[in-house]
Amino acid sequence: MRAMRAETFNGYKELKLVDLPKPAVTDGKVLLRMTAAGVTPLDHTILSGKFPHHLKAPLVLGNEGAGVVEEGGGTAFPAGSRVMFFGPYGAFEDGTYSEWLAVRKEDLCPIPDNIDDVSAAGIPVAYLTAQVALTRAGFRAGKTVLAPAIGGSIGNAVTQLARALGAKQAMSSTTNHAKAEQAKALGFNEVIDTSLEKLGDGVRRITGGYGADVVIDGIGGDVLSEALGALALEGSLTTLGYSASRTTTIDVTNLIVPQASIRGLNMFAQPQAVKTEAWNVIVPLLKSGAVKPIVAKTFPLAEAADALRYLVVGRPFGRVVLTI
């Protein structure tokens, strides 16, 4: 089978198209014919040798995707079932940038009939992470939510989920005026254009000075620091990514004065019950159309390096997906 494999963790040039044996089905795993794979910032982090864990190369990248069950799914996932999934693939074992993959049964989720495989491939990481983060932050209807970067996977997923679940305000941001206009055209009416105003000023404008009860940040760097200053009384900020930077400087009074809190989220550490609970919220919203994954561009499997470069350098509005 064909797969795009990182021969070493040293940049785009190390991602090679290779021919590997088709994986065997073992107990607890389901053989999938892959149809699409989501491309994520984590893939780039790993390929660049910057993942904060020791990984072994060579490694097939990709930790989320969509496929068709070939064998081993039992009555829960009979042959021919369309499924999507997320897991330790592409980090701690070979991943989704391949024509076939053996996936743990508990990681699988049926794809709703109204969602195509390309869109489905970009759902698991963003929406599972977003929903778990909202739940851990104590989100409920009527709260105000901020998730920076409307064009990114986490910012968009959190904004959509929070809005669908009854947030008083579901806010996001962008540094790009064209993206702000694109977001507005797509119905995202509470997006702060930080080329025109500061993030905190935008939050206070939208909320009438109240602030954000919940901040979910996947950007890091200065954005995290600014978002912390936008918290409401007893608000909370969850940090779960660092696409801008791993380092930031915070003003501790932004925690002390509003008696706010900050916490981290590692999706690889979440128990299965937490992920199952999140899917139980997400899938009905996908079926109803209350949340809709946005795909910016697709690339064929052999162009995975170009897809990653487009994601990281091009910073598109929406997901980047490999078609297989």
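This report describes the overall build of a predicted model and then some of its local features.

## Basis of the model

Because the model is predicted, local features are given only at pLDDT of at least 70 and side-chain atom pairs only at pLDDT 80 or more, while totals for chains, interfaces and linings use all residues. Residues are numbered from 1 along each chain as its sequence is written, and side-chain values use heavy atoms, with hydrogens and water left out.

## Overall build

The chain has ten helices and 16 strands. Helices (H or I, at least four residues) and strands (E, at least two) are DSSP runs, numbered from the N terminus. Along the principal axes, the C-alpha atoms fill a box of roughly 60 × 40 × 35 Å.

Of contacts between residues at least 6 apart in sequence, 70% join residues at least 24 apart; a contact means heavy atoms within 4.5 Å.

## Surface and charge

Buried residues account for 53% of the 324 residues. Buried means under 20% relative accessible area, exposed over 50%, and partly exposed in between (1.4 Å probe, protein chains only). The accessible surface of the chain is about 13700 Å², and carbon and sulfur atoms hold 52% of that surface. These areas come from the Shrake-Rupley method with a 1.4 Å probe, and for residues only the protein chains shown count as cover.

The chain carries 31 positive and 30 negative charges, with mean positions 1 Å apart. Lys and Arg count as positive and Asp and Glu as negative, without His and the chain ends. Each charge is placed at NZ of Lys, CZ of Arg, CG of Asp or CD of Glu.

Helix α10 covers residues 304-314, and its buried residues include Ala304, Ala305, Ala307, Leu308 and Leu311. They lie on the same side of α10, because they cover an arc of only 160° around the axis. The arc is that of the directions from the helix axis to the C-beta atoms. Among the elements that cover these residues are β1 (2-6), β2 (15-19), β3 (29-39), α1 (41-47), β15 (295-300) and β16 (319-323). Arg315 follows α10 and has a positive phi, near 45°.

Strand β15 contains Thr298, which is partly exposed at 38% relative accessibility. Leaving aside residues up to four places away in sequence, Thr298 touches Val118, Val321 and Thr323. Thr298 and Met1 are 297 residues apart in sequence, with 21 Å between their C-alpha atoms.

## Backbone details and loops

Most residues other than glycine have a negative phi, and most peptide bonds are trans. Glu234, not a glycine, has a positive phi of about 60°; Glu234 is in strand β13 (residues 231-239) and is exposed, at 58%. Gln259 also has a positive phi, about 50°. Gln259 lies in the loop between α8 (253-256) and β14 (261-264) and is exposed at 56% relative accessibility.

The peptide bond between Ala57 and Pro58 is cis, with omega about 0°. Pro58 is in the loop between α1 and β4 (59-60). In the loop between β1 and β2 is Asn10, which is partly exposed at 45%. The C-alpha atoms of Asn10 and Gly49 are 6.0 Å apart, although 39 residues separate them along the chain.
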